[in-house]
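Biologist: Could you take one part of this model and look at it closely, and then work outwards from there to the rest of the assembly? I would like a connected account with the values kept in view.

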Protein chains: 2
Amino acid sequence: MAPLPEFNLAEATAILTRTPATMDTFLRGLPDTWVRRNEGNNTWSAFDIIGHLIFGERTDWMPRARTILEHGEARPFDPFDRFAQFKESQGKSLDQLLDEFARLRKENLAALDALKLQPEDLSRRGTHPALGVVTLSELLATWAAHDLTHLHQLSRVMAHQYRDSVGPWSAYLGVLHCAGHGA
Amino acid sequence: MAPLPEFNLAEATAILTRTPATMDTFLRGLPDTWVRRNEGNNTWSAFDIIGHLIFGERTDWMPRARTILEHGEARPFDPFDRFAQFKESQGKSLDQLLDEFARLRKENLAALDALKLQPEDLSRRGTHPALGVVTLSELLATWAAHDLTHLHQLSRVMAHQYRDSVGPWSAYLGVLHCAGHGA
């Protein structure tokens with residue numbers, strides 16, 4: 001098996017740049033069956049997932065990058081609230097959330113670009129409140145992989161709605177056999 | 001837990017209509033790290049997945065719908081070749097595949113619309129070569145869920161590339177704990 005690629009900032013931002021438009025293209029105008037239903041008690045709908053991505057843009061990725069650059073390991077990151085979107089998204093439409101996610105991501109990528117990170121910056125270290133020492137490159141790689149984990153979740157939540165409708169084909173549809181892995 | 005929704009043709013086509021543009025928005029122009037790498041021996045890259053979706057448009061969904069409408073249970077579907085894309089996609093670029101997928105899907109949805117299916121048509125039965133008796137609505141639901149299973153696979157294949165780069169955050173990223181479930 002080929003070794004995994006090393007982190008590359010341009011490759012990470014290629015994902016980060018595309019995610020809001022991808023979510024928009026897929027979700028805008030879809031019936032509520034696809035965007036408002038979840039997988040059962042205490043699980044997330046597509047609507048909840050976009051709210052979570054918004055909250056990450058506000059409080060997680062760039063604030064933590066700045067904490068690393070300004071304080072190094074001395075100051076642990078503020079903990080992230082994984083459930084904030086249930087309050088923050090109340091009364092908003094999916095279209096509003098998609099617009100907000102796109103705007104915040106664009107602002108954050110402009111702010112990232114303005115940092116003009118050098119290769120040696122990527123190994124700078126910070127302190128995660130639960131995981132311990134992490135590097136700036138790990139944070140930025142996780143930002144991109146976090147988009148992917150929620151695209152993975154989104155496709156599973158949506159497919160779940162057709163679990164019965166597909167009849168015996170459920171045996172062949174891998175997504176219907178995904179246990180969720182906590183996201 | 002709320003009961004799962006019943007199959008609804010307009011809801012299924014809402015997914016089917018959006019998938020090619022979603023794949024295009026996400027994948028076009030991405031570095032090869034994301035589109036040409038797979039999860040190891042005998043697994044699929046994003047490029048392979050789009051090739052597979054193209055082959056489904058050519059030989060699976062609408063041909064099988066027509067078999068049900070014209071022959072009912074009497075004539076089993078032709079088996080589907082899950083590996084055809086490795087030959088069919090050779091020498092093509094990802095951009096070409098994305099264009100081809102969009103064109104074929106558009107043609108197939110126009111052909112589906114031209115059938116002017118009535119509610120009673122959805123319960124018409126056909127014979128799957130391995131699964132036995134299936135209905136037209138199950139076939140159409142599976143067409144949509146099949147898009148979702150490959151979006152699920154795509155996000156996992158891409159996230160896999162950053163399995164090492166995310167460092168200790170791998171514990172929190174559900175997509176990195178997905179075993180694949182055969183697709």
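Modeller: Arg18(B) sits in helix α1 of chain B, which spans residues 9–27, in what is a predicted model. With a relative accessible area of 18%, Arg18(B) falls under the 20% limit and therefore counts as buried. Once its neighbours within four places in sequence are set aside, the residues in contact with Arg18(B) include Thr25(A), Phe26(A) and Arg28(A), and Gly29(A) and Leu30(A) are also among its contacts.

Chain B is superposed on chain A by a rotation of 180 degrees, with 0.0 Å of shift along the axis and an RMSD of 0.0 Å. This is the relation of a two-fold axis. In chain B, the C-alpha nearest that axis belongs to His152(B), at a distance of 2.3 Å. Both copies use the same surface, in that 100% of the contact residues of chain B recur in chain A.

Not counting residues up to four places away in sequence, Pro168(A) touches Leu131(B), Val133(B), Val134(B) and Glu138(B). At 30% relative accessibility, Pro168(A) counts as partly exposed, whereas Arg18(B) is buried. Within chain A, Pro168(A) and Phe101(A) are 67 residues apart in sequence, and their C-alpha atoms are 38 Å apart in space.

Returning to chain B, one may turn to helix α4, residues 61–71, in which Trp61(B), Met62(B), Arg64(B), Ala65(B), Thr67(B), Ile68(B) and Leu69(B) are buried. The cover over these buried residues includes α3 (46–59), α6 and α7 (136–160) of chain B, together with the strands β1 and β2 (132–135). Helix α4 of chain B is followed by Gly72(B), whose phi is positive, near 55 degrees.

One of the buried residues of α4, Leu69(B), is also a contact of Leu117(B), a residue found in the loop between α6 and β1 of chain B. Leaving aside neighbours within four places in sequence, Leu117(B) is in contact with Leu9(B), Leu69(B), Leu112(B), Leu122(B), Leu136(B) and Leu140(B). Leu117(B) has a relative accessibility of 16% and counts as buried. The C-alpha atoms of Leu117(B) and Ala102(B) are separated by 23 Å, with the two residues 15 positions apart along the chain.

Lys116(B) is found in the loop between α6 (94–114) and β1 (125–128) of chain B. Lys116(B) is exposed, with a relative accessible area of 60%, whereas Leu117(B) is buried. The backbone of Lys116(B) has a positive phi of about 45 degrees, although the residue is not a glycine. Most residues other than glycine have a negative phi. In chain A, Asn42(A) likewise has a positive phi, of about 65 degrees, without being a glycine. Asn42(A) lies in the loop between α2 (32–35) and α3 (46–59) of chain A, and at 81% relative accessibility it counts as exposed.

As for the chain as a whole, chain A has seven helices and two strands, arranged along the sequence in the pattern α-α-α-α-α-α-β-β-α. The radius of gyration of chain A is 18 Å, close to the 16 Å that the globule rule gives for 183 residues, so chain A is as compact as a globular protein of that length. Taken along the principal axes, its C-alpha atoms fill a box of roughly 55 × 45 × 30 Å. Of the 183 residues of chain A, 55% count as buried, and among its contacts with a separation of 6 or more, 74% are between residues 24 or more positions apart. Chain A exposes about 7,700 Å², of which carbon and sulfur atoms supply 50%. Its side chains include 19 positive and 23 negative ones, and the centres of these two sets lie 3 Å apart.

How values were computed:
Residues numbered from 1 in each chain as written. Chains lettered and ligands numbered in written order. Predicted model: local features only at pLDDT ≥ 70, side-chain atom pairs only at ≥ 80, totals over all residues. Heavy atoms only, no water. Helix = DSSP H or I, 4+ residues; strand = E, 2+ residues; numbered from the N terminus. Rg over C-alpha atoms; globule rule 2.2 N^0.38 Å. Buried < 20%, exposed > 50% of the residue type's maximum accessible area, 1.4 Å probe, protein only. Contact = heavy atoms within 4.5 Å. Areas by Shrake-Rupley, 256 points an atom, 1.4 Å probe, with all protein chains shown as cover. Lys, Arg positive; Asp, Glu negative; His and termini not counted. Charge placed at Lys NZ, Arg CZ, Asp CG, Glu CD. Least-squares fit on C-alpha atoms with pLDDT ≥ 70 in both.
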